[in-house]
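Subject: Structure handover

Hello,

Please find the structure below, as promised. My notes on it follow.

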Amino acid sequence: LTGCGADKTNQLIVGTNATFPPFEYVGGANGTEIIGFDIDLAKQVAADAGKELVIKDMKFDSLVVALNAGKIDMIAAGMTITEERQANVDFSTPYYEATQLVISHHDVDFSSSEQLKGKKIAVQLGTTGDTMAKDFTTDVSAFNTGFEAVMELANGKVDAVLFDAAPAQNIIAGKPKLKASKVEFTPEYYGFAVAKGDHELLTQINSTLDNMKTDGRYQQLLSQYMK
Ligand code: ARG
């Protein structure tokens, strides 16, 4: 008997970056819990697998590295399924459709992505917004969180922030000097990521998602978080 020490084989270790409301953020009764839509989905994956859920909060930029180093089993972080990422991880079936928004000062209009050309743009490091911003300008400042990117805008240091729609709306809520505009960006699809070849976990995630979509729990969770 080894005594204390958790039995790692009975845990599902999920990596996230809890700065992305309503998908993953710090909140709850004490304001110290990691909660959100992705976290509830991950909870159900763990329950269905008969495992204990362990959440590891880290920089968004570190998630794929942590997964490939075996430090986490799964990424639940509003992560967009992209070809570049598919070279390094396996994704579940898509579970959410998103798009980027342009956050700007309330009196500046961004109606087309063309207007981003040559502008100063702030983003969260390693996100799809980061990659897209570089298509428009060489002046991209990347931060560890979307909150910091938006702060940079509020402080007048940049012209715009490119960020996923629901978190963007969430972060600018209560900030009347900022607004979020939809330009013609294509949809993105979020997936949970597992290490390449982790067939067992991928099958488990997909079957949990499938069951939750079929019996209405997915929709119920979605409306709980997307108000
Ligand atoms: N969907 C975007 C991406 O994949 C942003 C995700 C950021 N997620 C987070 N938990 N901070 O790059």
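Which domains does the domain assignment of the protein chain give? It gives domain 1 (8-96 + 188-225) and domain 2 (100-181); the bounds come from an automatic or database domain assignment.

Two points on reading the numbers. Residues are numbered from 1 along each chain as its sequence is written. This is a predicted model, in which local features need pLDDT of at least 70 and side-chain atom pairs count only at pLDDT 80 or more, while totals for chains, interfaces and linings use all residues.

The two domains

The C-alpha centres of domain 1 and domain 2 are 25 Å apart. Where they touch, 12 residues of domain 1 are in contact with 13 residues of domain 2; contact here is C-beta atoms, placed from the backbone, within 7 Å. The side of domain 1 that touches domain 2 has five nonpolar, four polar and three charged residues. In that count, Ala, Val, Leu, Ile, Met, Phe, Trp, Tyr, Cys and Pro are nonpolar, Asp, Glu, Lys and Arg are charged, and the others, Gly among them, are polar.

The chain overall

The protein chain has eight helices and 15 strands. These are DSSP runs numbered from the N terminus (helices: H or I, at least four residues; strands: E, at least two). Its C-alpha atoms fill a box of roughly 65 × 35 × 35 Å along the principal axes. Of the contacts with a separation of 6 or more, 69% are between residues 24 or more positions apart. Buried residues make up 39% of the 227. A residue is buried if 20 or more other C-beta atoms (placed from the backbone) lie within 10 Å of its own, exposed if 12 or fewer, and partly exposed in between.

In H5 (residues 146-154), the buried residues are Gly146, Ala149, Val150 and Leu153. Seen down the axis of H5, they fall within an arc of 95°, so they line one face of the helix; the arc is that of the directions from the helix axis to the C-beta atoms. Glycine 156 follows H5 and has a positive phi, near 75°.

In H6 (residues 165-172), the buried residues are Ala166, Pro167, Ala168, Ile171 and Ile172. They pack against several elements, among them H5, strand E9 (100-105) and strand E12 (160-164).

Other local points

The peptide bond from proline 21 to proline 22 is cis, with omega near 5°. Proline 22 is in the loop between E2 and strand E3 (24-27).

Glutamine 224 is in helix H8 (residues 217-225). Is this residue, glutamine 224, buried or exposed? Glutamine 224 is exposed, because 11 other C-beta atoms lie within 10 Å.

Database record

UniProt lists residues 11-224 as "domain: Ionotropic glutamate receptor C-terminal", in an unreviewed entry. UniProt positions are given in the numbering used here, feature names are shortened, and annotations may be inferred rather than shown by experiment. Over residues 11-224 the chain is 34% helix and 27% strand, with the end C-alpha atoms 27 Å apart.

Regards

Conventions: Contact = placed C-beta atoms within 7 Å.
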